[in-house]
Amino acid sequence: MMLTNLVDDLTALLAAETQELRREDIDTTLFIYSLLADYRIRAEELEIKLEAELEENMPWIKGDSTHLRRVFDNLVSNAFKFTPAYGQITLRLKSIGDDVQIEVEDSGEGIPEDKIERIFERFYQIEGGSTRRHKGTGLGLTLVKEIVEAHRGTINVRSKIGQGTTFSILIPGFRPK
């Protein structure tokens, strides 16, 4: 299973790096609602509160919905991994002009300040070797960054130990006619 995940991640990474992504018009509000529907079951199983703060009349984005789905699957999966029971994960959707900002915030462990710059490196994991508590290939956040940048977007992270982490993505958008 780990090998299959590694091959899938490497294939997606190559597609993002070469920008071989489909471009379709994506209704960002419907996109986030579909993600929330899928994540709610997992949140209930883990006893984590899943919240949404969605602006209305959002711009759309032009992009590859499969790859963008992978971005949020990785971010929310990490939030589930590092947020304890009775914690909270919030997905935010808002417009900044015609651009779309999507945030994934958790109330989890947080990332040490001296590690934040490295989390997007290939195969880097904060927990190393025999002390690792969580599975993964070390490519999830690398893939997230590559896909966001292939959509001409940016990703930023803020984190405080013991308080949680927020990943903020900004992608160029447009108003549908």
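Tutor: Happy to! Strands E6 (residues 154-160) and E7 run antiparallel, joined by 7 bridges; two strands pair if DSSP finds at least two bridges between them. Helices (H or I, at least four residues) and strands (E, at least two) are DSSP runs, numbered from the N terminus. This is a predicted model: local features need pLDDT of at least 70, side-chain atom pairs count only at pLDDT 80 or more, and totals for chains, interfaces and linings use all residues. Residues are numbered from 1 along each chain as its sequence is written, and side-chain values use heavy atoms, with hydrogens and water left out.

E6 and E7 form a hairpin with 3 residues between them, and Gly162 in that turn has a positive phi of about 80°. Within this pairing, Ser159 stands opposite Thr165 of E7. Thr165 is also the bridge partner of Asp106, which brings in another neighbour: strand E5 (residues 99-106) is antiparallel to E7 and joined to it by 7 bridges.

Now for burial. E7 (residues 164-171) is largely enclosed by the rest of the structure, because 7 of its 8 residues are buried. Buried here means under 20% relative accessible area, with exposed over 50% and partly exposed in between (1.4 Å probe, protein chains only). For the whole chain of 177 residues, 42% count as buried.

To place the strand in its setting, the chain has 4 helices and 7 strands, following the pattern α-β-α-β-β-α-β-β-α-β-β along the sequence.
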